[in-house]
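Trainee: Hi, could you walk me through this one while I have it open?
Mentor: Happy to, let's have a look together.

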Amino acid sequence: MDKNYTPKQIAKRLRVSTTTLRRYEALDLVPDVPRTASNRRYYTPVHVQAFIALRALIKGFDIPVGYDVMSLLRKGQVEQALWIINLNQYNIQVEKQRVEEVMSLIHQTDFSKYRDMQITEEMKIGEVASIAGVNSSAIRHWEKVRLIRSERNPENGYRIFTLREIKKIFVISSLRKTVYSIESMKALLEALETQDQTAIERSFLVALQKLNEQLANQMNAILELMKYIDCLSQEGLNETEKREN
């Protein structure tokens with residue numbers, strides 16, 4: 001007979017509060033929770049694996065992805081859930097490729113091309129955003145907090161960015177997920193200006209290490225997710241056998 005668990009037992013095991021477990025229940029991210037004859041909630045091994053998978057997904061892929069995947073599984077949409085995971089694994093691969101490309105790029109004296117796209121001395125914000133793979137609003141924000149600066153086209157007043165500023169935008173766009181404070185980013189951009197290659201390379205290596213750690217967390221999340229899917233499948237088989245008998 002399968003063992004059952006109290007909310008306090010699982011909260012302690014996962015190092016979360018019972019309130020957090022209740023929130024996951026309220027958001028319909030785990031199977032319906034049964035109650036004892038005295039109306040107390042309890043969890044089965046399937047619930048436990050659901051919580052473990054959800055916590056692993058949040059750590060590896062972040063809250064929105066974790067919630068979306070578990071919500072789809074709750075509805076029996078396994079393939080759709082797995083495709084979300086697949087997309088996010090692709091995204092981290094793209095992120096790693098971008099960091100490596102920009103790290104290589106900033107060492108080059110010729111800064112006129114990136115991914116076969118021409119970079120000119122004066123470019124509009126939309127053009128720079130497209131090449132850097134970010135939204136124009138992100139570039140405006142970086143300018144607002146004085147990480148970069150633009151000039152104005154005297155003919156139409158549009159923002160234009162020089163090669164010097166475009167290089168900064170590439171660095172910010174590549175390291176924004178690992179260099180968290182404005183001051184740290186400013187220090188890095190100053191190193192870029194003074195060509196302090198040691199400081200620059202260290203920042204990129206940290207970024208790559210963070211991506212490696214995230215990848216490991218994602219692989220662990222996938223392992224726990226597949227265990228949960230197996231639990232759901234087995235539970236479905238058991239229910240079918242009960243009905244047939």
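**Contacts, helices and a pocket**

Mentor: Not counting residues up to four places away in sequence, Ile-139 touches Ile-125, Val-128, Ala-129, Val-134, Ile-148, Phe-161 and Ile-169, where contact means heavy atoms within 4.5 Å. This is a predicted model, in which local features need pLDDT of at least 70 and side-chain atom pairs count only at pLDDT 80 or more, while totals for chains, interfaces and linings use all residues. Residues are numbered from 1 along each chain as its sequence is written, and side-chain values use heavy atoms, with hydrogens and water left out.

Trainee: Is Ile-139 buried or exposed?
Mentor: Ile-139 counts as buried because its relative accessibility is 0%. The cut-offs are under 20% relative accessible area for buried, over 50% for exposed, and partly exposed in between, with a 1.4 Å probe and protein chains only.

Trainee: Which helix is Ile-139 in?
Mentor: Ile-139 belongs to helix 7. Helices (H or I, at least four residues) and strands (E, at least two) are DSSP runs, numbered from the N terminus.

Trainee: How do helix 6 and helix 7 cross?
Mentor: The axes of helix 6 (residues 125-132) and helix 7 (residues 136-144) come within 9 Å and cross at roughly 105°. Axes are lines fitted to C-alpha atoms, for helices over the stretch in contact, and angles run from 0 to 180 degrees between N-to-C directions. Helix 6 and helix 7 are therefore roughly perpendicular to each other; that word covers 65 to 115 degrees, with under 35 roughly parallel, over 145 roughly antiparallel and the rest oblique.

Trainee: And which residues meet there?
Mentor: From helix 6, Ile-125, Gly-126, Val-128 and Ala-129 meet Ser-136, Ile-139 and Arg-140 of helix 7. The residues of this contact divide into four nonpolar, two polar and one charged. Here Ala, Val, Leu, Ile, Met, Phe, Trp, Tyr, Cys and Pro count as nonpolar, Asp, Glu, Lys and Arg as charged, and the others, Gly among them, as polar.

Trainee: Switching topic, how much space lies in the largest pocket?
Mentor: The largest pocket holds about 500 Å³ of space. A pocket is an open set of points on a 1 Å grid over the protein atoms alone, where a 1.4 Å probe fits, with protein on both sides within 12 Å along at least five of seven lines; lining residues have an atom within 4 Å of a point. The volume is the space filled by probe spheres set on the points, and grid points are joined across faces, edges and corners.

Trainee: What lines that pocket?
Mentor: There are 21 lining residues, and the closest to the centre of the largest pocket are Ile-92, Lys-177, Leu-211, Gln-214 and Gln-218. Helix 3 (45-61), helix 5 (78-105) and helix 10 (197-244) each supply at least two residues of the lining. By type, the lining divides into nine nonpolar, six polar and six charged residues.

Trainee: What about the backbone at Asp-62?
Mentor: Asp-62 has a phi near 90°, a positive value in a residue other than glycine. Asp-62 sits in the loop between helix 3 and helix 4 (63-74), and at 48% relative accessibility Asp-62 counts as partly exposed.

Trainee: And where is Gln-195?
Mentor: Gln-195 is in the loop between helix 9 (182-193) and helix 10. The phi of Gln-195 is near 60°, again positive in a residue other than glycine, and Gln-195 counts as exposed at 61% relative accessibility.
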